[in-house]
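I opened this notebook to keep track of what I looked up, one entry at a time. The entries are meant for someone meeting the structure without any background.

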2 protein chains.
Amino acid sequence: MTKCSSLLLLSLCLLPFVAFSSTFTSQNPIDLPTASKLVLDATGKALDPRASYRIGSIGWGAAGGDVYLGRTPNSTAPCPNGVYRYNSDVGPTGTPVRFVKSDHSGPGIFEKQDLNIQFDIPTSRLCVTYTIWKVGDYDASLGARLLETGGTLRQQDSSWFKIVKASGRGYNLFYCPGPLACPSCPVDQCQAVGEVIQNAFPFVVKLPNST
Amino acid sequence: MTKCSSLLLLSLCLLPFVAFSSTFTSQNPIDLPTASKLVLDATGKALDPRASYRIGSIGWGAAGGDVYLGRTPNSTAPCPNGVYRYNSDVGPTGTPVRFVKSDHSGPGIFEKQDLNIQFDIPTSRLCVTYTIWKVGDYDASLGARLLETGGTLRQQDSSWFKIVKASGRGYNLFYCPGPLACPSCPVDQCQAVGEVIQNAFPFVVKLPNST
């Protein structure tokens with residue numbers, strides 16, 4: 001039953017994203033900015049700020065899967081406003097996004113550059129705001145802030161992100177103060193974006209002094 | 001950096017528990033109650049309602065670790081009121097608990113029996129209530145209810161649990177309506193207790209129509 005429970009939990013759970021507290025980030029050894037490097041897509045081509053892309057998790061099975069715009073349970077927002085990940089690498093494709101630079105300058109998206117992220121989908125006028133990523137209010141029960149939509153483009157808002165190369169394959173995402181609040185802001189003033197996973201919990205009962 | 005980030009996240013993250021929605025539980029294939037079976041500790045001995053035990057996760061490394069009473073960030077409770085798990089099988093030992101039956105009847109703790117769970121620690125009069133497990137209010141961002149303390153013993157409250165044998169090693173825990181609200185309640189009216197984990201999220205950027 002354990003295995004079955006786990007599978008059910010995995011298939012039912014949402015995978016919302018969070019921005020981890022700065023306690024983490026301040027201890028995170030991040031390279032100092034050097035020469036700007038282009039962010040590359042999975043085929044090795046430089047990103048085009050005019051194009052749309054999908055964001056996919058690195059991983060197999062339930063660890064894989066695309067990021068999508070979804071409804072948050074019990075949310076009072078008038079439109080879908082949750083940033084989630086499908087928990088299957090053979091699941092549906094994610095919602096396309098585009099990366100919006102703080103200025104309109106030239107081609108390419110660079111690592112550690114301030115970016116807004118917007119789901120690139122046809123939507124109603126009411127819901128346009130709910131395509132733009134932002135980081136929500138602090139959630140005490142999570143000790144983190146959930147990633148959601150309802151942000152702004154190129155404003156002083158909690159809608160600023162940086163893409164940073166991971167040591168292995170792919171990139172990590174950081175939530176940052178943005179170019180208006182913190183020009184040329186180092187990544188160590190940002191917070192890592194991670195995800196919240198609900199797992200089953202099989203346990204054993206142990207004697208107080210046993211190992 | 002990915003690996004380092006993951007390790008940091010694991011070492012800093014809290015592992016709070018949640019009761020999953022009944023949507024899950026109603027689809028969970030649970031045996032119908034038959035003859036009552038004693039719950040056994042990790043050494044194979046029947047649990048003693050007068051003794052205290054530790055609850056340990058089944059798993060190695062970060063998947064292992066004991067359950068403990070800890071402070072919830074930003075909680076307004078006057079005492080520690082969070083039920084967490086250490087995320088290391090070689091970490092500190094957990095907070096002892098005892099299992100309290102709805103009646104005071106005889107020896108043994110049985111599977112699917114209604115139980116309160118209480119951290120068995122010396123504490124101040126103010127904090128006694130905050131040793132008793134309960135399931136908190138629904139958290140919309142999690143789509144689940146967090147496990148916390150501040151419960152009651154043998155009252156009609158959200159403090160009732162059942163222990164159910166897992167198909168492999170160990171047991172699963174379910175949050176239930178309790179013997180006052182639902183006498184002889186089947187486990188399929190209960191909710192599985194699981195845990196919330198914060199993970200790092202390395203990603204790749206994909207073209208909209210790629211796999």
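**Entry on the model.** I note at the outset that this is a predicted model, and I read every value below as computed from it.

**Entry on aromatic pairs.** I searched the whole structure for aromatic pairs and found 12 of them over all chains. The pair I looked up in chain A is that of A:W133 and A:F161, which is edge-to-face, with 6.1 Å from centre to centre and 85° between the planes. Since A:W133 belongs to strand β7 (residues 133–139) of chain A and A:F161 to strand β9 (residues 160–165) of chain A, the pair ties together parts that are 28 residues apart in sequence. I then checked the exposure of the two partners: A:W133 is buried, with a relative accessible area of 2%, and A:F161 is buried as well, at 0% relative accessibility.

In chain B I looked up the rings of B:F119 and B:W133, whose centres are 5.5 Å apart and whose planes stand at 50°, so I list this pair as tilted. B:F119 lies in strand β6 (residues 115–119) of chain B and B:W133 in strand β7 (residues 133–139) of chain B, so this pair ties together parts that are 14 residues apart in sequence. Both B:F119 and B:W133 are buried.

**Entry on charges over rings.** I looked at A:K165 and saw that its charged end sits over the ring of A:Y171, 5.1 Å from the ring's centre. In chain B, B:K165 lies over the face of B:Y171, at 5.1 Å from the ring centre.

**Entry on strand β6 of chain A.** How many of the residues of strand β6 (residues 115–119) of chain A are buried? I counted 5 of its 5 residues as buried. Both faces of the strand are covered, with A:L115, A:I117 and A:F119 buried on one side and A:N116 and A:Q118 buried on the other. Its partner is strand β5 (residues 97–101) of chain A, which pairs with β6(A) in the antiparallel sense over 5 bridges, and within β6(A) it is A:N116 that stands opposite A:V100.

**Entry on A:Q113.** I followed the loop between β5 and β6 of chain A, where A:Q113 lies. Is A:Q113 buried or exposed? Its relative accessibility is 18%, so A:Q113 counts as buried, the cut-off being under 20%. Leaving aside neighbours within four places in sequence, I found A:Q113 in contact with A:K101, A:G108, A:F161 and A:K162. A polar atom of the A:Q113 side chain lies 2.8 Å from the backbone nitrogen of A:F110.

**Entry on B:D66.** I placed B:D66 in strand β3 (residues 65–70) of chain B, and I found B:D66 buried, with a relative accessible area of 4%. Among the residues that B:D66 touches, not counting those up to four places away in sequence, are A:K206 of chain A and B:R54, B:Y84 and B:R85 of chain B.

Phi of A:R154 is near 55°, a positive value in a residue other than glycine; A:R154 sits in the loop between β8 (144–149) and β9 of chain A and is partly exposed, at 29%.

Definitions and conventions. Residues are numbered from 1 along each chain as its sequence is written. Chains are lettered from A and ligands numbered from 1 in the order in which they are written. This is a predicted model: local features need pLDDT of at least 70, side-chain atom pairs count only at pLDDT 80 or more; totals for chains, interfaces and linings use all residues. Side-chain values use heavy atoms; hydrogens and water are left out. Helices (H or I, at least four residues) and strands (E, at least two) are DSSP runs, numbered from the N terminus. Buried means under 20% relative accessible area, exposed over 50%, partly exposed in between (1.4 Å probe, protein chains only). Contact means heavy atoms within 4.5 Å. Rings of Phe, Tyr and Trp (its six-membered ring) pair if their centres lie within 6.5 Å; planes under 30 degrees apart count as stacked, over 60 as edge-to-face and the rest as tilted. A charge sits over a ring if NZ of Lys or CZ of Arg is within 6 Å of the ring centre and within 35 degrees of the ring normal. Two strands pair if DSSP finds at least two bridges between them. A polar contact is a pair of N or O atoms within 3.5 Å; within protein, one must be able to donate a hydrogen and the other to accept it, and residues adjacent in sequence count only if both atoms are side-chain atoms.
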